[in-house]
Amino acid sequence: MNRIFKYSCYLILLFSCTKLTAQDIKWEAVGPGVWKGSIGKPESYNLLSASGATPAIEGLKSIGEAPFPLSKDEITAKLTDGKIYLRFPLDKKEQLYGFGLNFQTVHQRGKILQLHSDHFGGKDNGRTHAPTPFYVSSNGYGVFINSARYLNVYAGSAVKRDGANVPEAKDRNTDKSWSSRPYSDGVEILVPAEGVEFYVFGGPSSLNAIQRFNLWNGGGCLPPRWGLGFTQRVKTLFNSKDVEAEAQAFADKGFPLDYIGLEPGWQSKAYPCSFEWDQSRYPDPASFVKTMLNKGIRLNLWTNPYISPEAPFYKEIKPFTADHTVWLGAVPDLTMPEARKLMFGQLKKSQVDIGVSGYKFDEVDGYDHYLWPDVTLFPSGKSAEQMRQTYGLLIQRYSAEMYHDRNQRTYGLVRGSNGGGSSFPYVIYNDYYNHEDFITALINSGFAGVLWTPEARASKTGEEWLRRMQSVVFSPMAMINAWSSGTKPWSYPEVEKQVKDMAVLRMQMMPYWYSEFAKYHFQGIPPFRAMNLEPGYLSEVKKEVKSTNLEDNPYVEAVSKEVKDQYMAGESLLVAPMFAGKETRTVILPKGKWFDFYTGEFAGDGQVITVTPGLDKIPVYVKDGGIIPMGPALMHAAKSTEKLDLEFRYYGSKPGKYLLYDDDGETFNYEKGAYSFRTVTITKGADGKLKTSISAAEKGKPNTVNQVTFKAMTK
Ligand code: GAL
């Protein structure tokens with residue numbers, strides 16, 4: 001008896017120790033500059049297993065090794081109350097970026113967020129279309145929590161009693177420097193699970209950490225060439241004749257067009273969906289798709305994944321669906337091969353096999369009143385919470401696989417994603433429509449391993465329409481989403497010419513966009529990203545936060561002055577969109593010379609400039625030595641067999657080097673080496689003449705380049 005008593009006491013003691021003591025984190029170096037930490041019993045279903053991402057080791061090797069960027073002793077983890085408490089240290093001046101696709105803020109230090117897959121509800125509180133649990137520090141490292149749970153994040157908002165860098169308590173009665181938000185020296189994350197794995201990505205730069213994150217997720221997506229052309233989504237109840245007429249109108253008006261998106265009306269039932277063509281609107285889908293392809297126009301189909309009881313495969317798929325519905329449609333458990341076979345089998349048979357080029361997967365982000373609740377049971381046993389966090393990943397993964405199996409690239413839209421999804425050929429969009437916030441989302445997409453489109457739908461004025469279209473052509477998907485408005489690019493006659501010039505510019509810049517996406521794929525560099533990642537960039541600092549002691553809490557300064565309306569597009573372009581109602585704006589040019597994209601004139605060097613670009617132009621600046629490859633203004637993206645004349649525009653006077661990417665633009669043969677990066681160099685001699693070179697096209701590799709010319713933009 002006594003022995004049993006003693007033994008139970010020992011067990012109780014042991015148990016409470018495990019509960020209360022900081023656990024040992026198991027560390028493992030898993031790739032160049034990438035470390036995995038794990039604690040407790042990590043769940044086998046997580047963001048990386050849901051996305052099926054395989055690390056792009058070659059890309060990581062080319063960035064090289066890096067030292068562990070933090071002090072391991074300062075990273076702590078505890079298991080308490082069935083949850084993991086994680087803590088990462090913060091320096092006094094360190095800035096934090098990321099934590100998903102935020103719309104209104106770039107700086108995240110000091111934030112409290114619950115990362116939760118959702119539509120964006122007007123506030124950056126963690127509920128968003130891609131709640132990626134990844135953050136990047138201005139000190140040049142990144143942290144990714146590989147969990148498919150709703151995570152509570154205290155991004156430097158809480159102060160520990162016995163912490164190492166705890167500020168002094170102040171008397172609010174008498175001390176003017178008292179702050180309601182005292183300095184915090186840690187990021188703390190609550191993971192509602194008994195174990196978790198997480199990753200630390202080394203630098204040295206913050207961009208390097210992002211590259212490593214994207215490469216760990218398989219590298220960024222490489223769209224087909226046509227995906228970067230122009231796309232129009234038509235009114236929801238359009239029929240095949242309307243769609244053909246729409247394509248004809250683009251051709252007649254001389255507007256470029258690569259793909260048309262059909263909205264819910266192509267299906268016989270929507271919300272929930274039948275996944276079948278509507279016979280009255282599309283009586284002969286196969287010949288319709290063929291006619292469109294012959295005109296050089298591909299088709300993208302809207303759908304949500306919720307299955308109508310009238311869908312042809314409803315009965316068969318029912319056992320593999322959740323016990324709750326969405327709009328009375330069955331929710332397929334996409335973690336189950338049986339469900340996937342039926343669902344994607346239907347898409348393949350009815351649409352992909354007849355030539356449909358891609359999809360727009362709607363409503364996979366969630367909105368609590370529409371989506372399955374957290375008490376839903378899925379037949380695989382995955383929790384409703386895990387399914388919510390990963391549904392966007394699952395639908396992207398398996399639809400992309402369907403195209404990969406055909407050796408055919410796709411490019412489409414999705415409303416929800418998460419960490420692990422960098423390589424998926426999908427762009428996020430939503431129903432919100434604030435132009436400024438759309439640009440902030442574009443900036444933040446680069447921190448979240450996703451792409452975002454600031455789609456244009458309609459506008460109150462011609463001016464607003466033009467301003468939106470100007471942003472759209474400097475984004476991952478040049479799209480008008482006229483599903484409800486029926487707007488065409490030329491719907492505002494007073495700006496029709498300017499809108500056309502922008503669409504044409506997008507097409508001329510194809511060689512640049514395509515090469516920059518290749519760098520996303522092979523090197524992990526986001527094609528659209530924050531200024532904060534640009535060397536020599538310093539945001540203007542003004543002491544605005546009066547109630548805070550800036551001595552104690554310097555990071556607050558930068559947060560109060562964050563810049564969220566200009567961004568980097570590809571290697572050397574700085575884009576500063578104009579918003580309706582504004583004739584002038586300021587642009588922060590990082591250190592080093594910058595030149596006007598259109599004229600080549602010197603614009604400034606490490607300074608804040610004020611510009612009045614006029615209605616026709618969106619301000620764009622090029623780095624010193626920047627080379628922008630330009631092609632002809634085609635009406636459709638070039639086919640794999642077409643050879644184009646290219647003009648390399650060169651800015652400033654610094655020696656320039658550009659890597660021009662080439663492959664067939666349509667298949668996955670690049671995965672087997674059928675691609676090349678050709679090196680272009682330009683220097684300016686003392687006589688002002690250009691010395692230029694371009695490496696030869698590699699034998700046996702696709703070569704879409706014909707004649708090349710070089711142009712000094714800066715006189
Ligand atoms: C919304 C989507 C829109 C449009 C619409 C069609 O959910 O965000 O872009 O596709 O559905 O009903």
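## A proline in a loop, and the basis of the model

Pro 204 lies in the loop between β12 and α4, where helices (H or I, at least four residues) and strands (E, at least two) are DSSP runs numbered from the N terminus. The peptide bond that leads from Gly 203 to Pro 204 is cis, and its omega is near 10°. Another cis peptide bond joins Tyr 271 and Pro 272, with omega about 5°, and Pro 272 is found in the loop between β14 (259-262) and α6 (285-294).

This is a predicted model, in which local features need pLDDT of at least 70 and side-chain atom pairs count only at pLDDT 80 or more, while totals for chains, interfaces and linings use all residues. Residues are numbered from 1 along each chain as its sequence is written, and side-chain values use heavy atoms, with hydrogens and water left out.

## An open sheet and a helix across it

Six strands form an open sheet in the order β1-β2-β12-β9-β8-β5, with antiparallel pairing; two strands pair if DSSP finds at least two bridges between them. The edge strands, each pairing on one side only, are β1 (26-31) and β5 (96-98), and the twist from one strand to the next averages 25°.

Within this sheet, β9 (residues 141-145) and β12 (residues 195-201) pair in the antiparallel sense over 4 bridges, and Phe 144 stands opposite Tyr 199 in β12. Helix α4 (residues 206-216) lies across β1, β2 (34-40), β8 (134-137), β9 and β12, and the helix runs at about 155° to β8. Such angles run from 0 to 180 degrees between N-to-C directions, with axes taken as lines fitted to C-alpha atoms, for helices over the stretch in contact (heavy atoms within 4.5 Å).

Buried means under 20% relative accessible area, exposed over 50%, and partly exposed in between (1.4 Å probe, protein chains only).

Strand β15 (residues 298-303) runs parallel to β18 and is joined to it by 4 bridges, and the bridge partner of Leu 301 in β18 is Tyr 359. Strand β19 (residues 412-414) is also parallel to β18, with 2 bridges, and there Phe 361 stands opposite Val 414.

## Around the ligand

Which residues surround the ligand? They include Glu 263, Tyr 271, Trp 302, Lys 360, Glu 363 and Arg 415, where a residue is near a molecule if one of its heavy atoms lies within 4 Å of it.

A polar side-chain atom of Lys 360 lies 2.8 Å from an oxygen atom of the ligand, and for Glu 363 a polar side-chain atom is 3.1 Å from a ligand oxygen atom. In the side chain of Trp 302, an N or O atom is 3.5 Å from an oxygen atom of the ligand.

## Nonpolar cores

A nonpolar core is a set of buried Ala, Val, Leu, Ile, Met, Phe, Trp, Tyr and Cys residues joined through side-chain atoms within 4.5 Å. The largest one has 167 residues, and Val 243, Trp 372 and Leu 573 are among the residues that touch the most other members. Helix α9 (residues 384-405) gives the most to this core, with 9 residues. A second, separate core of 29 residues includes Ile 25, Leu 90, Tyr 135 and Val 153.

Conventions: Polar contact = N/O pair within 3.5 Å; in protein donor to acceptor, adjacent residues only side chain to side chain.
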